[in-house]
Amino acid sequence: METIQIDHVQKALEDLAHKDVYIHLETTNGAYARHFDSNAYNVGAFIRNAQVKYTQAKIIGHESYRVGLKTQLGWIYAEGLTDWELDDQGRLLMAGHDNEGRLMVALEISETPFK
Amino acid sequence: MGQHVAIILPHPDDEAFGCSGTILEFREKDIPVTYFCGTLGEMGRNMGSPFFANRETLPEIRKEELQDACKELDINLEMLGYRDKTLEFEDRNEVAKDLKQRLEEIEPSLVITFYPGHAVHPDHDAMGAAAIKAVEMMDESKRPEVWAKAITHNRRELLGEPDIVRDVEDYFEGKMRAIEAHRSQAEGMMKQFRDSPNLKEINSEGRKLLKYEEFYKWTF
């Protein structure tokens, strides 16, 4: 993955608009958050292969980015994205990593279901 | 019944951090060891340090790391094919039934798994519970001993002293090699160890955790 370049990601998002796409969306602070800090809470959410069609997409931010997708019936967004990649299968992978390279949030869009 | 040890843990690297010293000791005595690994750690947060994996490449990377670690430990590997973080939502009876079948094939004398309710990560708890259920479902005459690994902070308070405490100092280098085989996961943590000029002298909590492998004997 590479550091997000906003123009490139915006174009990639638009290339996937108005199509049936599959979404992977997750955020997590890890299963050990509370184990290592009794004041912390384990929080996470995960959906894989949600099929949607979005009509509008925007990436906004500076250094750390937000991506919002306006779908036919609602919205999808992710915050804290830092890196991106169009992989060899043409899937748009975006993720946010902390200073130690650990994944905090991921939003991925594909025209075929994720494995 | 000859001796054979079955390790039942959910993530690639659980075996390395949790019981690889014990595994190496068994292998030195020529006792066969089979690792039933529940998932490929698909949902791991560590992507390498600096990161080289992404959510979609991580499973294949961790599979290779797991195979490397098992080569390092000289043990058999069976991958169970569940998905990381979803194990607790599977039908526990189905998981246990599948495990029971696999155990009956190798007729182990000992099973090492996580102590359900004392294993911190939901996959650890679920894998341990299914493993213990699988052994419970076995014919009593064929039932192996079970050593359960507890890692909660309050385990001594609630469970008492562990029945088995193994000092794996003599196998520490091999244990480190097994941990380092899981490059995407271990790099960050191990760098701290490697950077230390006096690895042997460190009395850090981390080193103590790695030096002593503790287990509770499960009573049925």
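**Notebook: cores, sheet and contacts in a predicted model**

I began with the nonpolar cores. The largest of them has 48 residues, and the members with the most contacts inside it are Ile7(B), Ile8(B), Ile23(B), Leu99(B), Met127(B), Ala130(B) and Ala131(B). Helix α4 of chain B, residues 122–137, gives the most to this core, namely eight residues. I noted a further core lying apart from it, of 27 residues, among them Trp84(A), Met94(A), Val105(A) and Ala106(A). I record here that the model is a predicted one. As general background, nonpolar side chains in soluble globular proteins tend to be buried together.

I then took up Ala131(B). Leaving out residues up to four places away in sequence, I found that Ala131(B) touches Ile8(B), Leu99(B), Val111(B) and Thr113(B).

**Chain B as a whole**

I counted eight helices and seven strands in chain B. The radius of gyration of chain B is 17 Å, close to the 17 Å that the globule rule gives for 220 residues, so chain B is as compact as a globular protein of that length. Along the principal axes, its C-alpha atoms fill a box of roughly 50 × 40 × 35 Å. Of the 220 residues in chain B, 44% are buried. I also looked at contacts in chain B between residues at least 6 apart in sequence: 80% of these join residues at least 24 apart.

**The sheet of chain B**

In what order do the strands of the open sheet run? I read β3-β2-β1-β4-β5-β7-β6 for these seven strands of chain B, with mixed pairing. The edge strands, each pairing on one side only, are β3 (76–79) and β6 (164–167) of chain B. On average, neighbouring strands of this sheet are turned by 25° against each other, direction ignored. Helix α1 of chain B, residues 14–28, packs on the sheet and touches β1 (5–9), β2 (33–37), β4 (110–114), β5, β6 and β7 of chain B. The direction of helix α1 makes about 175° with that of β1(B).

I checked one pairing in detail. Strands β5 (residues 145–149) and β7 (residues 212–217) of chain B pair in the antiparallel sense over two bridges. Ala148(B) has Tyr216(B) as its bridge partner in β7(B).

**Between the chains**

I found 14 residues of chain B in contact with 18 residues of chain A. The side of chain B that touches chain A has five nonpolar, six polar and three charged residues by class.

I followed Leu103(A), which is found in strand β9 (residues 103–110) of chain A.

**Backbone notes**

Most residues other than glycine have a negative phi, and most peptide bonds are trans. I therefore listed the exceptions that follow.

- Ser49(B) and Pro50(B) are joined by a cis peptide bond, with omega about -5°. Pro50(B) has its place in the loop between β2 and α2 (58–73) of chain B.
- His18(A), not a glycine, has a positive phi of about 60°. His18(A) is found in the loop between α1 (6–15) and β2 (21–28) of chain A, and is exposed, with 11 other C-beta atoms within 10 Å.
- Lys85(B), not a glycine, has a positive phi of about 75°. Lys85(B) is found in the loop between β3 and α3 (92–106) of chain B, and counts as buried, with 23 C-beta neighbours inside 10 Å.

Conventions. Residues numbered from 1 in each chain as written. Chains lettered and ligands numbered in written order. Predicted model: local features only at pLDDT ≥ 70, side-chain atom pairs only at ≥ 80, totals over all residues. Helix = DSSP H or I, 4+ residues; strand = E, 2+ residues; numbered from the N terminus. Core = buried A, V, L, I, M, F, W, Y, C linked by C-beta atoms within 7 Å. Buried ≥ 20, exposed ≤ 12 C-beta atoms within 10 Å, placed from the backbone. Contact = placed C-beta atoms within 7 Å. Pairing = 2+ DSSP bridges. Axes fitted to C-alpha atoms, helices over the stretch in contact; angles between N-to-C directions. Nonpolar A, V, L, I, M, F, W, Y, C, P; charged D, E, K, R; others polar. Rg over C-alpha atoms; globule rule 2.2 N^0.38 Å.
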